[in-house]
Amino acid sequence: MQSTATVLVYSDNAGTREQVRLATGRRPAADVPAVEFIECATLPAVLKQLDKGGIDVCVLDGEAVPAGGMGVCRQIKDEIFRCPPVLVLMGRPQDAWLATWSRADAAVTLPVEPVEFADALAGLLRKGRAAA
């Protein structure tokens, strides 16, 4: 098993990025690698990091402005070769259809609920490991 997994976290809100870090801890589950975070507050920063490669999972804030995470998700799924799995943070459960439209691999609601978030993130990390 690899020693660490790299998780890109996109949100214009530093508090949301902190919620993601705190909900994850060092690792979201015992059977996945420890996590290192790359935090981005703008769409250009997200695209730059994805172009560099090495991202295992993206966590995108659907409530970010001016580029919302669901639109960003759809864009990177179209534009990034071998796009990593994406977990979208939704403002309300009724936005699940938008997460489906965006082609997100998983979605959870804000504010981040630690157990739900860690389970979703661990699932995507396992999926990524299985594909590799």
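Leaving aside its neighbours within four places in sequence, which residues is Ser102 in contact with? The views below start there, and keep in mind that this is a predicted model.

**View 1. Ser102 and the residues it touches.** Once you set aside the neighbours within four places in sequence, Ser102 is in contact with Met70, Cys73, Arg74, Lys77 and Val88. You'll find Ser102 in helix α4, which covers residues 96–102. Is Ser102 buried or exposed? It counts as buried, because its relative accessibility is 0%, and the cut-off for buried is under 20%.

**View 2. The polar contacts of the Ser102 side chain.** Zoom in on the side chain of Ser102 and you'll see it reach the backbone oxygen of Ala99 at 2.8 Å. A polar atom of the Ser102 side chain also lies 3.4 Å from the backbone nitrogen of Ala104.

**View 3. The open sheet.** Here 5 strands line up in the order β2-β1-β3-β4-β5, with parallel pairing. At the edges sit β2 (34–40) and β5 (106–109), each pairing on one side only. Going from one strand to the next, the twist averages 20°. As a rule, strands of a sheet pair through backbone hydrogen bonds, either parallel or antiparallel.

**View 4. Strands β4 and β5 side by side.** Strand β4 (residues 86–90) pairs with β5 in the parallel sense, over 4 bridges. Look for Leu89: its bridge partner in β5 is Val108.

**View 5. Helix α1 on the sheet.** Helix α1 (residues 14–24) packs on the sheet and touches β1 (4–10), β2, β3 (57–61) and β4. The direction of helix α1 makes about 175° with that of β2.

How values were computed. Residues numbered from 1 in each chain as written. Predicted model: local features only at pLDDT ≥ 70, side-chain atom pairs only at ≥ 80, totals over all residues. Heavy atoms only, no water. Helix = DSSP H or I, 4+ residues; strand = E, 2+ residues; numbered from the N terminus. Buried < 20%, exposed > 50% of the residue type's maximum accessible area, 1.4 Å probe, protein only. Polar contact = N/O pair within 3.5 Å; in protein donor to acceptor, adjacent residues only side chain to side chain. Contact = heavy atoms within 4.5 Å. Pairing = 2+ DSSP bridges. Axes fitted to C-alpha atoms, helices over the stretch in contact; angles between N-to-C directions.
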